[in-house]
Amino acid sequence: MKHGHLFDSEDVEKVDLPNVAGEDPEETERPENFNLEIPQVLSILPLRNTVVFPHQIIPISVGRKKSIKLVESTREGTKLILLVAQRDGKVEGPGQDDIFRWGTIASVMKVFKMPDGTQSVMVQGLSRARIVEFTQFEPFFRGLIQPQKEVVVEGVDIEALVGNVRTLFEKIVGLAPYLTPEHVMLVQNTDAPGRLTDIIIWNLNVSTADKQEILELADVKGRLEKLNYILTKELQILELGSKIQSEVQGEINKTQREYYLREQLKAIKKELGEAEDDRTAEIAELRKKIKDANMSKEANEVALKELDRLGKMPPAAAEYTVSRTYLDWLIEVPWSKSTEDNLDIAAARAVLDEDHYDLEKIKKRILEYLAVRKLKKDMKGPILCFVGPPGVGKTSLGKSIARALGRKFMRISLGGVHDEAEIRGHRRTYIGALPGRIIQGLKKVGSNNPVFMLDEIDKVGQDFRGDPSSALLEVLDPEQNFDFSDHYLEVPFDLSQVMFITTANLADPIIPALRDRMELIELPGYTEHEKLNIAREYLIRKQLTEHGLRESQLTFENDSIIAIINAYTREAGVRNLEREIAAVCRGVAMEVVEGKTDSKTIRADDLHQYLGSIKFFSEVAERTSRSGVATGLAWTPAGGDILFVEANKMPGTGQLTLTGSLGDVMKESARAALSYIRSRASELKISNDMFRKWDIHIHVPAGAIPKDGPSAGVTLFTSLLSLLTDRKVRNDIAMTGEITLRGLVLPVGGIKEKVLAAHRAGIKKVLLPEKNRTDYEDIPETVRNELEFTFVKEVEDVIRFALERSGQKLSQKK
């Protein structure tokens, strides 16, 4: 018959089918042997996770629309259908490729309608059959089938296989809880090898794939061999499970026996009037503490196990102290102790403003966290990294955040830490082992949600003892730290509620993977105006209190504070400013104690009496009073600074000498500047003999300090051009920027810090690359108002603005 032809249900084939052994013929309404007419085209019912075999009577739950329609069709037509297992039981609407090609012809005996709209169908398997091809797909599957006749086989090898199969099955029945002795009786009373195989396999709790493989085996001998393999495998699994169960039960019985005996011993002592010994009382107290600690499930199990071990250990044993110390740590770690956050944003803002001036960016970030925390109670703690020069208030800001949130505060310094065990702890096998500093800190504050500050994270080292930075990867990752494992505790601890704040002077030394896990917030240096306000609002009050002075006894005028800022300190932060104010307070305190004065107002002229001679003064005008000297701007870990580039010439052979601890990039910038000047020598009115008969020496003072980077390119160019054209550089201007051989000025970094350094040094004008115009907004408004900014694209713009006499405009080369 051709593929695609639809077969009529009248096409039939006669198959001899014996009745199921042990079933009542009257119940099944089948004669002992009968000729059943099987149509060549049958409806096909896909089954999930079920394989039906010949002779098997089984109820099937039908709930899919297609399947319900198929069952309803059996009321009027033939009662015979083909039951086929799905390849994947999870598929809701199987196609022809989702079902096996072998199944069982079954008779629909009874249909029950269920209250939930599904149907329960009682079916009886009749014969194996194979789907030749599908003839219908809607509203349900129908197909051309080929029944498989059962062939009677005999022989010694068949008898041996049958005997072995029966023996294995009897052993399995003795171990499997889902099998009963009635199953053994059924197997013993079945003689036909093929039918025996089917009865055993449909009663076994094995996979659908194994059952389907047995169903598809037409050869009885092959079916018996496969069944023998499946039974052997199932027996091994059951025996292993029984062995494990016996061992577990034995351990449980042992524990119960010990508990019973201990309770009896307690009762006997009580009857005798004997008090509990100290050790028993200690164990009982520890057990109560473990219960009260409200540990995690895993930690509680470990603690109880360790307590039982401690109870069996003599106090004189070497491990007794180790075990007791370990239990103390498990009990004292704050597993579930936490403080309640202060979610009042207005109150938190007031606390932050009270402790720190300005720093609006960081305050805004903390208040945003509080707002989100108020909306989402289970929010994980943020991982912040404050990056900035020394003395700008990074560490004190952490304390202020903790106070604003109403949380405990813990700080550890990571500067110089080389050992990974400082973070993760030591394993208990070591003498004197302790948890890492993270767990120690949490125990100290007694809370699992403190503000935890990791200071100087950029100064972590590494050696043969491990890399602490790598250990911090887990601690500072919100996706991992809920399951932090300390080597000493050896049980996970949840760090996700901790607010970690790290500090660093530089971000570059932090390994990239660790830097990526943190939210970097930069704290640049303070302006003169900001320092004045910080001193007035915070530093002076603090030092008056620390030196026992009242505000009526000592006051500072603004000009005296500004004089301290400019003449006695030169820093991005306010640490040295506070020291100088403290020195003045000590001097006045001495005068008050000696009775020389009752109150003192400090003016700028009084500072010499308490602080000595001026330490810093502006040398820009003096340095740039001759040609060949230019003022540049540099970024440093302290925030920013000015640097002078000096150039000089002497008779020679055209050599270029570079000194001042310059790096390779800075040396290349100097050579590029000289090459550009030589290429434009005629336009700049510089004699070519200048480059052949004169040596040029460039020096950047503070020779002991290493210097590098491309941002000094503009300054080097200006210094060289000033020298070679004998034109002075303006003494009130500073500059930064990278130059190219074509004379372009490229953007550089650290603009804010450099501009603040220029402002501190008394500079009035600043030359910046045009492409750094976007950084202008980051500069404080007070500084922008006091400085004049010029943005340049090419070096001819630098010549026009930096040199005293306007230079000749360079013609553009085509």
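**Close-up views of a predicted model**

**View A.** Phenylalanine 386 has threonine 503 of strand 14 as its bridge partner. The model is a predicted one, in which local features need pLDDT of at least 70 and side-chain atom pairs count only at pLDDT 80 or more, whereas totals for chains, interfaces and linings use all residues. Residues are numbered from 1 along each chain as its sequence is written, and side-chain values use heavy atoms, with hydrogens and water left out. Strands (E, at least two residues) and helices (H or I, at least four) are DSSP runs numbered from the N terminus. Strand 9 and strand 14 are joined in the parallel sense by five bridges; two strands count as paired if DSSP finds at least two bridges between them. With strand 15, strand 9 (residues 383-387) pairs in the parallel sense over four bridges. Cysteine 385 lies opposite leucine 520 of strand 15, and valine 387 lies opposite glutamate 522 of that strand.

**View B.** Five strands form an open sheet with parallel pairing, in the order 10-11-14-9-15. Its edges are strand 10 (409-413) and strand 15 (519-522), each of which pairs on one side only. From one strand to the next, the twist averages 20°. Helix 12 (residues 360-375) packs on the sheet and touches strand 9, strand 14 (499-504) and strand 15; contact means heavy atoms within 4.5 Å. The direction of helix 12 makes about 145° with that of strand 15. Axes are lines fitted to C-alpha atoms, for helices over the stretch in contact, and angles run from 0 to 180 degrees between N-to-C directions.

**View C.** Strand 9 is largely enclosed by the rest of the structure, because five of its five residues are buried. Buried stands for under 20% relative accessible area, exposed for over 50%, and partly exposed for values in between (1.4 Å probe, protein chains only). Ile383, Cys385 and Val387 point one way from strand 9, while Leu384 and Phe386 point the other way. Cysteine 385 has a relative accessible area of 0% and is therefore buried. Cysteine 585 is likewise counted as buried, at 0% relative accessibility. A search of the whole structure returns zero disulfides, a disulfide being a pair of cysteine sulfur atoms within 2.5 Å.

**View D.** Aspartate 458 occupies the loop between strand 11 (451-455) and helix 16 (468-475). With 10% relative accessibility, aspartate 458 counts as buried. Residues up to four places away in sequence aside, aspartate 458 touches Thr503, Ala504, Asn505, Leu506, Pro509 and Ile510. Aspartate 458 and asparagine 505 are 7.0 Å apart in space, C-alpha to C-alpha, and 47 residues apart in sequence.

**View E.** Helix 9 (residues 297-311) and helix 10 (residues 318-332) cross at roughly 155°, with axes that come within 10 Å. Helix 9 is therefore roughly antiparallel to helix 10. Angles under 35 degrees count as roughly parallel, over 145 as roughly antiparallel, 65 to 115 as roughly perpendicular and the rest as oblique. The contact involves Val302, Ala303, Glu306, Leu307, Arg309 and Leu310 from helix 9, and Glu319, Tyr320, Ser323, Arg324, Tyr326, Leu327 and Leu330 from helix 10. The crossing of helix 9 past helix 10 is left-handed; a crossing is left-handed if the near helix is turned anticlockwise from the far one by less than a right angle, and right-handed if clockwise.

**View F.** Helix 25 (residues 713-725) packs with helix 28 (residues 795-802) at an angle of about 60°, their axes lying 11 Å apart. This angle makes helix 25 oblique to helix 28. Val714, Phe717, Thr718 and Leu721 of helix 25 make the contact with Val795, Val798, Ile799 and Ala802 of helix 28. Helix 25 passes helix 28 in a right-handed crossing.

**View G.** Helix 19 (residues 558-568) has Ser560, Ile561, Ala563, Ile564, Ile565, Ala567 and Tyr568 as its buried residues.

**View H.** Strand 25 (residues 765-769) pairs with strand 26 in the parallel sense over five bridges. Glutamate 788 of strand 26 is the bridge partner of lysine 765. Four of the five residues of strand 26 (residues 788-792) are buried, so strand 26 is largely enclosed by the rest of the structure.
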